[in-house]
Amino acid sequence: MELYRDVFPRGEPPRILFDGGAPRWFEPDRIAVTDTTLRDGQQGWRPITVEEGLRIYELLVELGGRGSIVSTELFLYTPRDRELARKIIEYGVEYPRPIGWIRATMNDLKLVVEAGLEETTLLTSISDYHIYYKFGVTRERAFEKYLSVVEEAMKRGIVVRCTLEDATRASLEKNVLPFVERLMRLSERYGVDFRVKVADTLGLGLPFPEVPPPRGVPALVSALREAGLRADQIEFHGHNDLGLVVANHLAAWIYGAGLSNCTLLGIGERAGNCPLEVMLLHYAGLTGRLDRVNLKALPRVVETLEAMGYQVPEYQPLVGRNAFRTKAGVHIDGLLKNPEVYLPFDPAIVGRKAEVAVTAYGGRAAVLMWLRSRLPREAAERLSKNDPRVEAVYREVVRVFDESGRHTPLSDEEMERIAARYFPELGGRD
Ligand code: HCA
């Protein structure tokens, strides 16, 4: 039997292994997740209250406070933003460290200084689409404006994280590298570190190393390493417009970026950002550092966001209602024989259980699995597909679908009503 236990260890997230041929700039010991739920998430969803923001921050601490989520970005524009920033700073935990998010203006920089933050993201739009069409200026004028704010920040000892906005539509030779070189020179002059955030603003990036810039994420990230930046100086921030956001974030890590900038559940502008929880799972898969992630907190994330009015899509990986629920008889039969047959990993890792939704197509296996999930342990273990009571429940289920032309699975309450006729201990109402 070959089960590839090194890649699919029991009770752990699937591992991503290289056979010694890992890409040149990949440094698993230096990768981390960064958060932007309170910035891009809030911007793409709705303004949140201070209490809601704090609750979200606490969830981030629970999920990645042991060193996998290293920073969280904050708006500073309204009194509410500033109050939230103050409370998060007061919270005083090491991770995720609060940083600012501002545009490249002196007034915005003042907000960072007043908030007492040591680091801030700075929006430095880099493609000619943005420079010429949005700002209506030349490259040189745009760079001068950005660099004047960077310089002022450095004079004050503030670390800037320059967002290369729209990097996947920007020239590497004419825009990205010349700007980064000027950042390096300023950094040397003032002895203050800096980072760059490679932003795939419109989700146009591609994860394949053979694709050249501007769309190729591996090419873009490796070029920054070749220019002399360290892994922890490069962050990647993607959007999901073309459905590739997780692949692009993985590619960024593997080809040399240290930081992966995400939001909880991928909430963000248009088709959203990169789901932080998925990248935490891959973080564990790439580094083996299970001690640094706590994905068991995910059901609390869902509960909290739903209580705030956010609807988690049913089919969303890891967190959706359907993520570990199966309806197909063939799958359920496999799950009953060994859960590993039809589960990508043990759902307990993310605080979930495998579930079954009973339809006419689930067969006796679905009925058996549903019953086993409800009955006391011993009775559940003794029950088999051949038990006449399982057959009786199954026939009733089929009748419901035949007689009513119904399409949706039976709810737990409906199943309880049927099952209780044969299993009085289930106590359903008839
Ligand atoms: C935006 C665009 C942005 C910025 C990224 C960042 C992008 O909302 O202004 O600075 O974190 O994708 O370029 O989200």
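Visitor: Where is P96 found?

Guide: This is a predicted model, and in it P96 is found in the loop between α3 and β3. As a general idea, most residues other than glycine have a negative phi, and most peptide bonds are trans. Here, a cis peptide bond joins Y95 and P96, with omega about -10°.

Visitor: What is the geometry of the peptide bond from P213 to P214?

Guide: That bond is cis, and its omega is near 5°. P214 is found in the loop between β6 and α8, the helix of residues 217–226.

Visitor: Are L265 and L318 buried or exposed?

Guide: The general idea is a cut-off: a residue counts as buried under 20% relative accessible area. L265 has a value of 4%, so it is buried. L318 stands at 8% and therefore counts as buried.

Visitor: How many residues does the protein have, and what share of them count as buried?

Guide: There are 430 residues, of which 52% count as buried. The protein has 16 helices and 10 strands. Its C-alpha atoms fill a box of roughly 80 × 50 × 40 Å, taken along the principal axes.

Visitor: Let us turn to the strands. Which way do β1 and β2 run relative to each other, parallel or antiparallel?

Guide: Strand pairing is read from the bridges between strands. β1 (residues 32–35) and β2 run parallel, joined by 3 bridges. One of the pairs sets V33 against I69 in β2.

Visitor: Which handedness does the unit made by β2, α3 and β3 have?

Guide: β2, helix α3 (residues 79–91) and β3 make a right-handed β-α-β unit. A right-handed unit is also made by β3, helix α4 (residues 106–115) and β4.

Visitor: How many bridges join β3 to β4, and how many join β4 to β5?

Guide: β3 and β4 are parallel and joined by 4 bridges, and R103 has L123 as its partner in β4. β4 and β5 are parallel too, with 7 bridges between them; there S125 stands opposite E165.

Visitor: Why is β4 described as largely enclosed by the rest of the structure?

Guide: In a regular strand the side chains alternate between the two faces of the sheet. A strand can thus be read one face at a time. In β4 (residues 119–125), 7 of the 7 residues are buried, so the strand is largely enclosed. One side holds E119, T121, L123 and S125, the other T120, L122 and T124, and all are buried. In β2 (residues 69–74), 6 of the 6 residues are buried.

Visitor: Which residue joins the side chain of S71 in a polar contact?

Guide: The side chain of R161 does, at 3.4 Å. S71 is found in strand β2, and its relative accessibility is 1%, so it counts as buried.

Visitor: Which residues are around the ligand?

Guide: They are R39, D40, Q43, W101, T121, T163, E165, K197, A199, T201, H237 and H239. α1 gives the most to the shell, with 3 residues.

Visitor: How far is an oxygen atom of the ligand from a polar side-chain atom of H237?

Guide: The distance is 3.1 Å for H237. For an N or O atom in the side chain of W101, the distance to a ligand oxygen is 2.8 Å, and for one in the side chain of K197 it is 2.7 Å. Taken alone the ligand exposes 360 Å², and the protein buries 93% of that. The elements that give two or more residues to the shell are α1 (37–44), β5 (159–165) and β6 (194–200).

Terms used
Residues numbered from 1 in each chain as written. Predicted model: local features only at pLDDT ≥ 70, side-chain atom pairs only at ≥ 80, totals over all residues. Heavy atoms only, no water. Buried < 20%, exposed > 50% of the residue type's maximum accessible area, 1.4 Å probe, protein only. Pairing = 2+ DSSP bridges. Right-handed = clockwise from strand over helix to strand, strands pointing away. Near = heavy atom within 4 Å. Polar contact = N/O pair within 3.5 Å; in protein donor to acceptor, adjacent residues only side chain to side chain. Areas by Shrake-Rupley, 256 points an atom, 1.4 Å probe, with all protein chains shown as cover.
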